[in-house]
Amino acid sequence: SWEMIERARQGDQSAFAGLFQQYQARLAVFVHFHMGTRLRGRYEVEDVLQEIFLQAFRDLPDFVYRSPGSFARWLFQIARHTLQDMARYQDRHKRRASEECSCQSPSFWGREEPLDRNSPSRIFLQRERVEHLLRGLEALSEKERDLILSAKVEGLSLQQISEQTGEDKCMISLHLHRALRKLNRQVV
């Protein structure tokens with residue numbers, strides 16, 4: 001909600017933690033499918049999420065609310081950039097195993113980190129749900145999975161998906177409906 005975003009922009013760490021928690025499962029699915037096997041073999045999704053969380057916390061004062069979906073689009077843009085940076089870093093540098101993945105951004109060294117109010121049981125339950133969803137998505141075709149990721153994880157409209165794919169909005173809607181039904185059968 002806009003109020004929670006505004007409180008977070010003003011430095012309310014618990015408001016930001018609440019916002020991030022709302023998007024954490026969607027981001028985890030997005031990261032899992034956009035990491036690729038090379039990055040997935042080197043980093044855990046949780047490590048990438050932590051990096052996204054820290055980057056978003058640092059950049060939040062610069063965030064400009066434009067519409068109800070602008071915060072989600074902003075987070076997913078940070079996720080894309082984080083994955084691109086990790087891939088570039090992996091390509092350029094060979095580091096010792098203990099230094100391969102820092103869960104704290106260099107920009108945060110010596111600064112207070114955002115609060116994390118997740119209990120171990122809540123984290124475990126979220127992880128179970130995400131893993132269940134990932135298994136369901138893995139069972140779909142790549143086209144079905146990409147469509148669901150675009151529409152339901154990234155939050156793109158049918159018009160935006162149509163512009164990206166060149167496919168008619170009505171056909172996208174039909175394919176999305178079928179893919180979601182198939183996913184529901186997989187996950188139930």
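Biologist: How many residues does helix α3 have, and how far does it reach?
Modeller: In this predicted model, α3 covers residues 45–59, so to speak 15 residues, and spans 21 Å from first C-alpha to last, close to the 21 Å expected at 1.5 Å a residue.

Biologist: Is α3 mostly covered or exposed?
Modeller: Mostly covered, with 11 of its 15 residues buried. Among them are Val48, Ile52, Phe53 and Phe57.

Biologist: Which residue does Phe53 form an aromatic pair with?
Modeller: Phe20. The two rings sit edge-to-face, 4.7 Å centre to centre, with 65 degrees between the planes. Phe20 lies in helix α2 (residues 13–40) and Phe53 in α3, so the pair ties together parts 33 residues apart in sequence. Both Phe20 and Phe53 are buried.

Biologist: Changing topic: where is Leu83?
Modeller: In helix α4, residues 70–92.

Biologist: Buried or exposed?
Modeller: Leu83 is buried, because its relative accessible area is 7% and the cut-off for buried is under 20%.

Biologist: What does Leu83 touch, leaving out residues up to four places away in sequence?
Modeller: Phe30, Val31, His34, Met35, Leu39 and Val48. Met35 is 48 residues from Leu83 along the chain, yet their C-alpha atoms are separated by 6.6 Å.

Note on methods: Residues are numbered from 1 along each chain as its sequence is written. This is a predicted model: local features need pLDDT of at least 70, side-chain atom pairs count only at pLDDT 80 or more; totals for chains, interfaces and linings use all residues. Side-chain values use heavy atoms; hydrogens and water are left out. Helices (H or I, at least four residues) and strands (E, at least two) are DSSP runs, numbered from the N terminus. The expected span of a helix is 1.5 Å times one less than its number of residues. Buried means under 20% relative accessible area, exposed over 50%, partly exposed in between (1.4 Å probe, protein chains only). Contact means heavy atoms within 4.5 Å. Rings of Phe, Tyr and Trp (its six-membered ring) pair if their centres lie within 6.5 Å; planes under 30 degrees apart count as stacked, over 60 as edge-to-face and the rest as tilted.
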